[in-house]
Each structure stands twice: as C-alpha cells, then as structure tokens.
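The sequence and the model come first.

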Amino acid sequence: MALANQWQLRTIAAALALTSFYSTGVAAQEASASGEVRRVDAQAGKITIKHGAISDLELPAMTLVYRIAPDLLKDIKPGDKVKFTAKREPGKYVVTQISK
C-alpha cells in the first residue's frame, strides 16, 4: 500500500512539474517589439519586418517574414515604423497586433 502511494505522489508531482513547465513556456511564446516594415503582402497574409532582438521569442536582430491577418494591414506600408506583438506557433511566427 505504501509503495502505491509513493508512486501516486511521484506521478502527481511529475504532472505538476510538466504543467508548470508548459504554462511557463506558453507565456514566453508571445512578445512585443518595434521595427520597420520592409514588405507587405496582404493577399498572402505576410509582412516582413526588420527588428532588433526579441528575447522572449529567442529571436536575434533580423528581418523576418511573419504571418498576419490581412485586416491588420489596412494602413501599413513598407517603410513604416511599427510596434507589434508576435507569437510563435509551430513552424511560424504570427503578428497578432500592429500599429504605427
């Protein structure tokens, strides 16, 4: 009986540790930054932004193509200085908010 209880406690502790790890990781998957728009492709839902390092997304300073909802691109054009929020999704980065 005592052995079963120890196993259950270890299982619960491991589950809590994993939950904490993944919930912390998810929070770090979104960040705000600023940069300069290099290219806009509203039809494809893409924007290219040159920005400084974004540590919360583990991105160095670079020019990167992001996915973006076309309706967010209404008044955005190449050369604009923007502030944006981006998140990491499997295999891509997505801008969720953007403003001049």
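## Terms and model

Two strands pair if DSSP finds at least two bridges between them. Helices (H or I, at least four residues) and strands (E, at least two) are DSSP runs, numbered from the N terminus.

This is a predicted model, in which local features need pLDDT of at least 70 and side-chain atom pairs count only at pLDDT 80 or more, while totals for chains, interfaces and linings use all residues. Residues are numbered from 1 along each chain as its sequence is written, and side-chain values use heavy atoms, with hydrogens and water left out.

## Overall make-up

Of its 100 residues, 26% count as buried (under 20% relative accessible area; exposed is over 50%, partly exposed in between; 1.4 Å probe, protein chains only).

Among contacts (heavy atoms within 4.5 Å) between residues at least 6 apart in sequence, 50% join residues at least 24 apart.

## Strand pairing around β5

β5 pairs with β4 in the antiparallel sense over seven bridges. These two strands form a hairpin with two residues between them, and Glu89 has Lys92 in β5 as its bridge partner. Gly91, in the turn, has a positive phi of about 80 degrees.

β3 and β5 run parallel and are joined by two bridges. Arg67 stands opposite Val94 in β5.

## Nonpolar core

A nonpolar core is a set of buried Ala, Val, Leu, Ile, Met, Phe, Trp, Tyr and Cys residues joined through side-chain atoms within 4.5 Å. The largest one has 19 residues, of which Ile47, Ile54, Tyr66, Phe84, Val95 and Ile98 touch the most other members. Two or more residues of this core come from each of β1 (30-41), β2, β3, β4 (81-89) and β5 (92-99).

Leaving aside residues up to four places away in sequence, Val95 touches Ile47, Ile49, Tyr66, Arg67, Ile68, Leu72, Phe84, Thr85 and Ala86.

## Glu58

Glu58 is in the loop between β2 (46-51) and β3 (62-68). Although Glu58 is not a glycine, its phi is positive, at about 55 degrees. Glu58 is exposed, with a relative accessible area of 65%.
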